[in-house]
Every structure is written in structure tokens, then in C-alpha cells.
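Here are some notes to go with the model, written as numbered points.

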Amino acid sequence: MTGYGKAESQFRGRTLVCEIRSLNSKSMDMSVRLSSALRTHEADLRAMVAKRVERGKVDIAIYESGPQVLGEGALNSINWEVAKIYAEQFKKQFACDVVPPEIMATILRFPDVIKVQEETSDLTDEEWSSIQDLLNSALDAFDAFRTQEGAALQAMFTEKLDGIADLLAQVEPYEKGRVAKIKERLEQNLAKLSAETKAEIDRNRLEQEMIYYLEKLDITEEKVRLTNHIKYFRETMEGDGTGVGKKLGFIAQEMGREINTLGSKSNQSEMQIIVVKMKDILEQIKEQVLNVL
């Protein structure tokens with residue numbers, strides 16, 4: 001949802017700039033700053049943005065670029081009495097008879113010297129159309145920025161998913177060897193029992209308990225489900241429409257559950273290290289999923 005767009009156009013003899021910025025947010029939070037001539041059209045401008053921006057903390061600003069030029073548009077009136085006071089103070093301070101033109105130009109732009117009259121006239125149809133075109137141009141640039149960011153995010157997600165899949169493949173060698181090690185350890189513990197205790201052991205019940213114990217440690221289902229989640233994540237990234245970001249967030253949560261279960265069933269340090277690495281990659285994915293609509 002992070003994005004930026006900017007466009008410029010001419011309006012009543014001046015350069016008008018439209019900027020749109022957005023940050024992550026679960027809902028639409030729009031802030032609009034407009035020049036005085038456009039304030040009566042704020043609701044219409046908000047509606048235009050809402051049609052193209054689904055959610056996010058969106059900041060829209062439409063303003064005039066650069067300083068206003070004196071004498072243009074009959075917007076500026078000068079308080080000559082205040083200007084004369086500034087000029088006299090300058091001549092007294094620097095012991096000169098004439099104020100240089102560049103200094104006088106600066107004085108004429110002081111806030112209490114120049115008065116900007118509010119534009120209250122209604123927009124003509126042509127002017128309103130130009131404002132709409134300006135906003136749409138900024139929204140086009142905004143969408144292009146987000147498309148570019150989306151492509152970068154998709155490449156990042158693909159890389160991270162490949163990393164988790166590679167780590168999952170590294171579990172297999174340890175998985176095959178650990179069952180044999182568990183059986184061997186159990187047999188060694190049984191061998192330490194006294195002959196009298198061994199005679200009292202129900203071998204059938206012992207076998208059942210061993211099978212149950214080994215099944216509890218089996219991670220085949222977790223591996224299959226995690227592989228399917230990775231595949232579904234990739235497919236969802238390629239999909240169109242709204243709500244993709246939320247769906248990816250849900251898939252990431254399910255991936256986290258399977259990875260956590262793998263960790264709880266891992267009784268070898270090598271497997272636990274692999275699980276920690278998978279968790280680290282998944283956290284990076286979850287952070288960036290927030291940027292997806």
C-alpha cells in the first residue's frame with residue numbers, strides 16, 4: 001500500500017502540483033490539503049481518490065508550486081506603509097540612501113507586507129476538468145509506483161519461499177536417522193532393566209506404546225501441509241482482485257503453525273536450527289505482507 005505519485009499542470013496562470021502519498025493501514029484514512037480555490041470541491045476530490053485507492057493512510061496535497069509573482073492574477077496587494085518602514089530601517093542600519101533592488105524585492109515578500117487575497121470565485125467547467133485531469137495523472141503515477149513496488153515484493157516473496165522450501169528439504173536426512181536412534185535408545189534403556197522387570201513387561205503393549213510414541217514424533221503431515229501452503233502462497237501472488245494481502249497474511253499464519261509443530265516435534269539440535277531459520281524467513285514475509293492490498 002506504500003506509494004507516491006506527483007503531477008503538475010497550469011491553473012489560472014500558475015503551476016499547480018498534486019502529490020499523493022500512502023502508508024500501510026488496515027482501513028482508509030485520507031487526509032486532504034487543498035489550495036483555497038479548490039476547498040469547495042474537497043468532497044468530489046475525495047470521492048475520486050476513494051474509487052482508485054482501496055485502503056491505507058493516504059495524504060493528498062494540491063498546491064501552487066514556487067513563490068507567487070507580484071502583479072500576476074491580481075491576487076497580491078502590498079501594504080506600502082509597512083514596506084516603507086522596513087526600507088527606512090534598512091537604510092538606517094546600513095547607512096545608505098537607497099535600498100538595493102534585490103533587498104526591496106525581498107521586503108515586498110514579507111508576510112506582513114504582501115497580502116494574498118483568497119480566491120473565492122467558482123471554478124469554470126474547463127477549470128474543474130483540468131483539476132480532475134491533474135488528480136488522475138497523479139493517481140496514474142501513484143499506481144505505477146505501487147505496481148513497481150509490487151513486482152519487487154513478489155520477487156522478494158519468491159526468494160523467501162524458496163528459502164523455506166530448501167530448509168524443509170534439509171530436514172529429511174535427519175528425519176530418516178532419528179527414528180532408528182529413538183528405537184536404539186529405547187532398546188538400550190530396556191537392556192538396563194533387571195531380568196525380573198523384563199519378565200513382567202508385556203511385549204505387545206510395549207510395541208504399541210513405541211509405535212504411538214514414534215507416530216507422535218512423525219512430521220510427514222507437517223511437511224506436506226507446509227509444502228502445500230508454500231504452493232498456495234505462490235498461486236495467490238499471481239491472482240488478481242482485492243484482498244490478496246489479507247489472504248497472504250492468513251496463509252503465512254498457517255505456515256507458521258506448521259513450522260511451530262515441526263519445532264515441537266524436533267528432538268535433534270540440527271532440526272531445531274533449521275526450524276529457527278524457517279521462522280526467521282517467515283517473519284520477514286509477514287512484515288512485507290502488510291504492504292500488499
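How many bridges join strand 3 to strand 4, and do the two run parallel or antiparallel? Point 3 has the answer.

1. **What the model is.** This is a predicted model, where local features need pLDDT of at least 70 and side-chain atom pairs count only at pLDDT 80 or more, while totals for chains, interfaces and linings use all residues. Residues are numbered from 1 along each chain as its sequence is written, and side-chain values use heavy atoms, with hydrogens and water left out.

2. **Confidence.** The protein chain has a mean pLDDT (the predictor's confidence in each residue, from 0 to 100) of 83, with 83% of its residues at 70 or more. Please take care over residues 68–75, where pLDDT stays under 50. For that stretch the model has 16 contacts (heavy atoms within 4.5 Å) beyond four places in sequence. Where pLDDT is low, predicted coordinates should not be read in detail.

3. Four strands make an open sheet with mixed pairing, in the order 1-2-4-3. Strands here are DSSP runs of E with at least two residues, and helices are runs of H or I with at least four, both numbered from the N terminus; two strands pair if DSSP finds at least two bridges between them. Strand 1 and strand 3 (28–34) are at the edges with a single partner strand each, so one side of each has no neighbour in the sheet. The twist averages 10° from one strand to the next. As for the opening question, strand 3 and strand 4 run parallel and are joined by seven bridges; M28 has G56 of strand 4 as its bridge partner.

4. **The antiparallel pairs.** Strand 1 (residues 3–11) pairs with strand 2 (residues 14–23) in the antiparallel sense over nine bridges, and Q10 stands opposite T15. Their hairpin has two residues between the strands, and R12 takes a positive phi near 50° there. Strand 2 also runs antiparallel to strand 4 (residues 56–64), with eight bridges between them. In strand 4, A61 is the bridge partner of E19, and Y63 is that of V17.

5. **Helix 7 and helix 8.** The axes of helix 7 (residues 220–237) and helix 8 come within 9 Å and cross at roughly 160°. Axes are lines fitted to C-alpha atoms, for helices over the stretch in contact, and angles run from 0 to 180 degrees between N-to-C directions. Helix 7 is therefore roughly antiparallel to helix 8, a term for angles over 145 degrees. The residues that meet include L226, I230 and F233 in helix 7 and L248, I251 and M255 in helix 8. By class, this contact of helix 7 with helix 8 has eleven nonpolar, three polar and seven charged residues. Nonpolar covers Ala, Val, Leu, Ile, Met, Phe, Trp, Tyr, Cys and Pro, charged covers Asp, Glu, Lys and Arg, and the others, Gly among them, count as polar.

6. **Helix 8 and helix 9.** Helix 8 (residues 244–265) packs with helix 9 (residues 269–289) at an angle of about 165°, their axes 10 Å apart. That makes helix 8 roughly antiparallel to helix 9. Among the residues in contact are G245, G249, G256 and G263 of helix 8 and V275, M278 and L282 of helix 9. The residues of the contact of helix 8 with helix 9 divide into nine nonpolar, six polar and two charged.

Terms used: Angles under 35 degrees count as roughly parallel, over 145 as roughly antiparallel, 65 to 115 as roughly perpendicular and the rest as oblique.
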